[in-house]
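Visitor: I would like to learn how to read the features of a model like this one. Could we go through it together?
Guide: Gladly; here it is.

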Amino acid sequence: MPSTPSVLVTRRLPSAVLARLEAACAMDLHTEPIAITRESLLTRVAGKDALVCLLTEPIDAAVLDAAGPQLKIVANVAVGYNNIDLAACRARNVVVTNTPDVLTNACADFTWALILGLTRRLGEGERELRAGKWKGWALDHMLGMELRGKQLGLVGMGRIARAVADKAAAFGMSVAYTDQVVSDVPGATSMPLDRLLATSDVVSLHVNLTPATTHLIDQKALTKMRRTAYLINTSRGPVVDEAALAWGLRERLIAGAALDVYEKEPVVHADLLGLENVMLIPHLASATTETRTAMADLAVSNVLAVLDGRPPLTPVA
Ligand code: GLV
């Protein structure tokens, strides 16, 4: 390890995790509870050997150049890394790491929370009650959809989708999935996206954000879904065309949607905000104390390994 390497950390991490970094590095920590500004990032990254960042910070050539040639690692505290320009990092020999595995269980649990909350109309019910509009128990009040016997369609079949699929039997759901890479998921049926959209009762998105998956769910895709179907997005916001989704929900092309991620976080498309049949959650899929601590810890382990001349634990492919 170079004598006292320096690291910029763009958000407060659990103190035990920060202590590990502080023991080995000169740490510059952005302590405010909101994301570091672009201007501050560009200034403070200068001369750093390592950068620990979140998905809220675009890390592009300008940031890498502002850092300088001594920068060795960009450690993202997230499994998704669409905020990082990998080619620019590669061109400068900067290692990029993410935080896979440690958040799989939390994200899978959360996907089920959305599936259950949406199909049983928990958001709508709570809004009605808090607004003082509940008139009392009624046989036909706010009926939802039962999961038993229905098909869960998973778009993408990485670690999180597999963990979601693993829990489907507990709710009596069959699983379909579309994925070009994985050919065999025990107990689940692989099918083309169009067929999955047309036959699933719940469609849940688990793809990385790439040019190919941007607006994968657009007006055309929504028209292929069942009018009784529900859409869940815990992947990345731009995978869904929010304007098209608002249209589809308004026109009752699908029964409902639950979103944890948005095209321009923290901004949510205004047309979605007024709709009852959409559950809107502020990007919380991995937000448990245990998981967020493990994510921060893994990012710091990656930094310490690379600064010590060892291979990172979880490099981005
Ligand atoms: C959260 O969205 C993550 O990618 O970890």
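Visitor: Which side chains meet in a salt bridge, N to O?
Guide: Keep in mind that this is a predicted model. The side chains are those of aspartate 101 and arginine 159, with 3.1 Å from N to O. One salt bridge is counted between domain 1 and domain 2.

Visitor: How should I read the area that domain 1 and domain 2 bury between them?
Guide: The size of an interface is often given as the accessible area lost when the parts come together. Here domain 1 and domain 2 bury about 630 Å², with 45% of it on carbon and sulfur atoms. On the domain 1 side, Leu55, Asn82 and Asp101 lose the most area to domain 2, together 56% of what that side buries.

Visitor: Now the ligand: which residues surround it?
Guide: Among them are Leu55, Leu103, Arg236 and Met295. The shell divides into five nonpolar, two polar and one charged residues.

Visitor: Which polar atoms lie 2.8 Å or 2.7 Å from an oxygen atom of the ligand?
Guide: A polar backbone atom of valine 79 is 2.8 Å from a ligand oxygen, and a backbone N or O atom of glycine 80 also lies 2.8 Å from one. For histidine 283, a polar side-chain atom lies 2.7 Å from an oxygen atom of the ligand. Taken alone the ligand exposes 190 Å², and the protein buries 90% of that.

Notes:
Residues numbered from 1 in each chain as written. Predicted model: local features only at pLDDT ≥ 70, side-chain atom pairs only at ≥ 80, totals over all residues. Heavy atoms only, no water. Buried area = accessible area lost by both parts, 1.4 Å probe. Salt bridge = Lys/Arg side-chain N within 4 Å of Asp/Glu carboxyl O. Near = heavy atom within 4 Å. Polar contact = N/O pair within 3.5 Å; in protein donor to acceptor, adjacent residues only side chain to side chain. Areas by Shrake-Rupley, 256 points an atom, 1.4 Å probe, with all protein chains shown as cover. Nonpolar A, V, L, I, M, F, W, Y, C, P; charged D, E, K, R; others polar.
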